[in-house]
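Please keep the sequence and the model in view while reading.

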There are 2 protein chains.
Amino acid sequence: MAVKDIPMSRLLKLSHEFNCFYLKGLQKGDCKPFVVCGKQVGLIRPDVINQLIGYPDVFHVHPDAITLNPAFRDFDERTARLEAVLKDCRSRNVFVTLKGWRDECYAVRTVFSGEPLLKMDRCATCLFGICNYGVDINGYVNDPEKGLCIWLQKRSKTKQTWPGRWDNMVGGGLSVGYGVLETAHKEANEEASITSDMMKNLRRSGCVSFFYESERGLFPNTEFVFDLELPLDFVPKNNDGEVDMFELLPAKEALERVLSPDFKTTSCPVVIDFLIRHGHINPDTEPAYPEIVELLHVPLQSMYKGFQAATTANELNSNDEINNKLL
Amino acid sequence: MAVKDIPMSRLLKLSHEFNCFYLKGLQKGDCKPFVVCGKQVGLIRPDVINQLIGYPDVFHVHPDAITLNPAFRDFDERTARLEAVLKDCRSRNVFVTLKGWRDECYAVRTVFSGEPLLKMDRCATCLFGICNYGVDINGYVNDPEKGLCIWLQKRSKTKQTWPGRWDNMVGGGLSVGYGVLETAHKEANEEASITSDMMKNLRRSGCVSFFYESERGLFPNTEFVFDLELPLDFVPKNNDGEVDMFELLPAKEALERVLSPDFKTTSCPVVIDFLIRHGHINPDTEPAYPEIVELLHVPLQSMYKGFQAATTANELNSNDEINNKLL
């Protein structure tokens, strides 16, 4: 008997789309580990490696990995030397993503609980496949007639990334020095004028992890997810000019919006996770339910752990501090 | 600078424990794919392979896989021929897990959405690394004084597996022919006397996936998770003799119970997921939060997908129906 292949549901197709690098790119094997202080912190595509070769005092290109020069002494030196390369690349217009320079930095570490090894402008992390952490708030109401309804935002047409696309009510990246809850409060105020009184209802609800790739670069993203039940008469109002409008949609319509091409691909996982946790996506009618849930939580935290330095071993051993650690 | 290794939290250690096969066993590479109709449906350990060699008309042992004889025509023949082997093994007392024969079957398929290729007694699936699906209900109350409290059950001392251990309020396997929601209703009634009126509050809340190994075998498990808020004065009462007692614990004490050795290891993921979704485990105080969330949703559905028959290709090509599919 032949085993029939089941056609993919729209939701499964979308889950594959925001995990295109996890499901396809990784297997191709043309990216190389990015190693800092003897540990893998990212992955670098061939087009980026071709540029980094031009900075041999900062990046060492080995057959099995790209290492940041292990002679750099500390967080500040690593940060400054790498930033100088990025600014040079930016002035030469080499990478499209660097046009979005923000002067807002993300920490670079092996896993979320690891110590920061350097910091990097947020627009540059996708060049190195550095894991990004963000915060998202699902704002919802329980409407007596329409049932569960979700607030969505339309991104401003002037945004550097995903202009004019639909998005979650509130979301933002975790910048160096900010905590998860702290970022949630900051973004809720800036993006949607949510008062600290309303924020008393805020509930931590887990996180989603996925690995997306676009022409700009690699996006291994973990979003810390919060649910926030809002008063029926509340209307979000933007404070920072980054949002065009907000709209309140019943769960079913919100799902259709997420499945449409008008939604920011990398924000879909947060809404799908919300709809699953609130029972609006159903294992008896969506046969790929377990696969979709797994694709909302791909193992990013363990992905870079297995790296074993091989040809880079001599270089690492020549570094005193690491030698001390090994002894 | 050397990268310090962060000591693992108790919760992270436990998440590694219920994923011991995913994190360690898989890498060892001593298990072989179990292939039915040209598709991988499981993994078989060397101790089991040593026994299956004795049944060459049912199992074909290749260097890269064990196949169920592809000459078997259909679901019924595959089921009957494999069951005959298991019953023979049981009479010879070869595998400890077969002592727990239940006359209750699980479907064997490539992924949850796949068509069932055969069925197998639930006690035997761990010999073949077949993905098991189950249903769990988190029964909870919002106590005005103690806050969120969770009902747990103590398993009967006479149970075949995990006797006397603490467990979720209600849980059960997905038997052949039963739907997910249907199983939740059946188990809620049998295990805890929950009325259909109370079940109106039942909320689908996602699923957890993990891959555990014990001396009995391999356990790639996906549990469909439901939350059920119960009346403050309700006390669960067991109907099927499989539960010794129930206890209502505040969230913090429930977490301590889960972290203790008295809790059934393979039920921990459901309670941890509940405590995360309800905000009782916190990314600002638990640095391994994203890793723990990822370890509650390991990619079981894609694990067996990559299998490519190599030395088994000739055998598969000799099977007419599969040939038809390939043409």
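In this predicted model, the contact (heavy atoms within 4.5 Å) draws 54 residues from chain B and 54 residues from chain A. Together the two chains bury about 4800 Å², of which 56% lies on carbon and sulfur atoms; buried area is the accessible area, taken with a 1.4 Å probe, that two parts lose on being put together, summed over both. Four salt bridges are found across the interface of chain B and chain A, the criterion being a side-chain nitrogen of Lys or Arg within 4 Å of a carboxyl oxygen of Asp or Glu. B:Arg204 forms a salt bridge with A:Asp284, with 3.7 Å between the closest N and O atoms.

The same surface serves both copies, since 100% of the contact residues of chain B recur in chain A.

The largest nonpolar core contains 144 residues, and A:Ile272 and B:Ile272 have the most contacts inside it. Such a core is a set of buried Ala, Val, Leu, Ile, Met, Phe, Trp, Tyr and Cys residues joined through side-chain atoms within 4.5 Å; buried means under 20% relative accessible area with a 1.4 Å probe, protein chains only. Beyond its neighbours within four places in sequence, A:Ile272 is in contact with residues including A:Leu11, A:Phe18, A:Val258 and A:Leu296.

Strand 5 (residues 105-108) of chain A, a DSSP E run of at least two residues, is covered on both faces. A:Cys105 and A:Ala107 on one side, and A:Tyr106 and A:Val108 on the other, are all buried. In a regular strand, side chains alternate between the two faces of the sheet. Strand 5 runs antiparallel to strand 6 (residues 118-121) of chain A, to which four bridges join it; pairing requires at least two DSSP bridges. A:Ala107 stands opposite A:Lys119 in strand 6.

A:Ser175 counts as buried because its relative accessibility is 11%. Leaving out residues up to four places away in sequence, A:Ser175 touches A:Glu104, A:Cys105 and A:Tyr106.

Residues are numbered from 1 along each chain as its sequence is written, and chains are lettered from A and ligands numbered from 1 in the order in which they are written. Local features need pLDDT of at least 70 and side-chain atom pairs count only at pLDDT 80 or more, whereas totals for chains, interfaces and linings use all residues; side-chain values use heavy atoms, with hydrogens and water left out.

Note on methods. Buried means under 20% relative accessible area, exposed over 50%, partly exposed in between (1.4 Å probe, protein chains only).
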